[in-house]
Amino acid sequence: MFSPLSDTGLTDSAGITVSRCPKRTEWVSLPNRQTLYRWVTDTHAMRVTFLGTSGAVPTTERNPSALVVEREGDRLLFDCGEGTQRQMMRFETGFGVGHVFVTHLHGDHVLGLPGLVQTWDFNERDKPLTIHTPAGTGSRIESLVAATGQRPSYPVEVREATAGDVVLDHEDYEVRAIEVNHRTNAVGYALVEDDRKGRFDRQKAEEELGLSPGPEYSKLHDGEPVEHDGRTIQPEEVVGPARPGRTVVYTGDTRPTDSVIEAAENADLLIHDGSFGDDHHERAQKTAHSTAREAATVARDAGAKRLALTHLSTRYTGRGWQLEDQAKEVFDDRVFMAEDGMRVEIPYPDADREFSIEMVS
Ligand SMILES: [Zn+2]
Ligand SMILES: [Zn+2]
């Protein structure tokens, strides 16, 4: 069900207005679904919704750690603090999650798992679920999921991840485990999209080379030469250079570390532990967390485009402005403090569209 629709102010290549259902990921272009498909495959929305941004314990404003990345119909859940399933309902991320990525087994990152797994069971889920978790923690995740004594009726696979592993290999992107430093078995995760095909110069193909839309277009776009009017047309004549995909890096809890700088090189969004302000620098060191300023330094050194601070210590009330200000001294307006219900849309690096942040109420 797509209605009610709202215009996006965009039109597709056929001049048809593209509309969308508010607060949802479905995009429609009426009346031609094929046009819709073409439009969507060229824009591939990627959104991050923060479900829990509190450090260690929940507050009335913030849940413990969890976030959902939506990418072209896929939903990936990173960490699953207590109450995550309710946040998923509240902030309308949908429940169609195939993979959960656990950064480590501190309770504020996993205690929502048993409830969510049970709700899926009540909902008669039959699709398999894969839970990725750091090496050495798989049996504890299995125990946690089965703690009530009832195994879910759908398949649940627990896979251990070591830094450097590609833990999910999708056709268009992969999720890699990255090394972090939290003084326990912990990994961060990097979602890295493949490069996309170059832009197809339709005008040149039609007007200069006399081609018409059809299989020849597809072949050229796929990098193969075609014979036309007695000559060979090379793909480079009508297809531009490959275009970069997007990278999102989530550290979970960590001290600042070189491995994150490496993984977040040119990342479109780095989501980093920013538990403390300058006033608790020692505490950050002692508990293997980061200050906001340290997170900003990592983002700057990595050349990341944006930084989201999360896992805010309950010492800081409200928005955590002071932490954001300290981080801005290093990384200017490219840094923001994440909040529960904040949804960030990440455009392609070469897109006209802006990086946008909205609150889902
Ligand atoms: Zn934590
Ligand atoms: Zn922790």
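**Exercise 1.** In what order do the 7 strands of the open sheet stand?

*Solution.* The model is predicted, with local features needing pLDDT of at least 70 and side-chain atom pairs counting only at pLDDT 80 or more, while totals for chains, interfaces and linings use all residues. Residues are numbered from 1 along each chain as its sequence is written, and chains are lettered from A and ligands numbered from 1 in the order in which they are written.

Step 1. Strands (E, at least two residues) and helices (H or I, at least four) are DSSP runs, numbered from the N terminus; strands pair if DSSP finds at least two bridges between them.

Step 2. The order is β10-β11-β12-β15-β16-β17-β18, with mixed pairing.

Step 3. Because β10 (166-169) and β18 (335-337) each have a single partner strand, they are the edges, and one side of each lacks a neighbour in the sheet.

**Exercise 2.** Determine how strands β16 and β17 are joined.

*Solution.* Step 1. Strand β16 (residues 269-273) and strand β17 (residues 307-310) run parallel, joined by 4 bridges.

Step 1. Opposite His-272 stands Leu-309 in β17.

**Exercise 3.** Identify the strands that helices α10 and α11 lie across.

*Solution.* Step 1. Angles run from 0 to 180 degrees between N-to-C directions, and axes are lines fitted to C-alpha atoms, for helices over the stretch in contact; contact requires C-beta atoms, placed from the backbone, within 7 Å.

Step 2. Helix α11 (residues 321-331) lies across β17 and β18, running at about 170° to β18.

Terms used:
Two residues are in contact if their C-beta atoms, placed from the backbone, lie within 7 Å.
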